[in-house]
Amino acid sequence: MDLTIENMQDGMAYTRRMEELINRSVEASLRLEGFEPDCEIGIMLVDDRRMREINREHRNVDKPTDVLSFPIA
């Protein structure tokens, strides 16, 4: 699995422990859903301001949300 994690939160430290938890969570999710581990996954950690911008740009919803996901075709 090729996992890329990008921290785009202002003032939020990103620790090795957080990276390990995210990695284990993604691996467990892939296993539970029956996906092959030979994949690429990108995760962006963003603050409410950036989440609102992304949500507005891609869904025309002008408010933050907890999670947005985008498939790659």
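**Pocket lining and overall architecture**

In the predicted model, strand β2 contributes 6 residues to the lining of the largest pocket, the largest share of that lining. At least two lining residues are supplied by each of β1 (2-7), α1 (16-33), β2 (40-45) and α2 (48-59).

These elements belong to a protein chain whose secondary structure consists of 2 helices and 2 strands. Their order along the sequence follows the pattern β-α-β-α. Along the principal axes, the C-alpha atoms of the protein chain fill a box of roughly 35 × 30 × 15 Å. Among contacts in the protein chain with a separation of 6 or more, 44% are accounted for by residues 24 or more positions apart.

With buried residues defined as those under 20% relative accessible area, 12% of the 73 residues of the protein chain fall into this class. The accessible surface of the protein chain amounts to about 6,100 Å², and carbon and sulfur atoms make up 49% of this area. With regard to charge, the protein chain carries 10 positive and 16 negative side chains. The centres of the positive and negative sets lie 6 Å apart.

Terms used:
Residues numbered from 1 in each chain as written. Predicted model: local features only at pLDDT ≥ 70, side-chain atom pairs only at ≥ 80, totals over all residues. Heavy atoms only, no water. Helix = DSSP H or I, 4+ residues; strand = E, 2+ residues; numbered from the N terminus. Buried < 20%, exposed > 50% of the residue type's maximum accessible area, 1.4 Å probe, protein only. Contact = heavy atoms within 4.5 Å. Areas by Shrake-Rupley, 256 points an atom, 1.4 Å probe, with all protein chains shown as cover. Lys, Arg positive; Asp, Glu negative; His and termini not counted. Charge placed at Lys NZ, Arg CZ, Asp CG, Glu CD.
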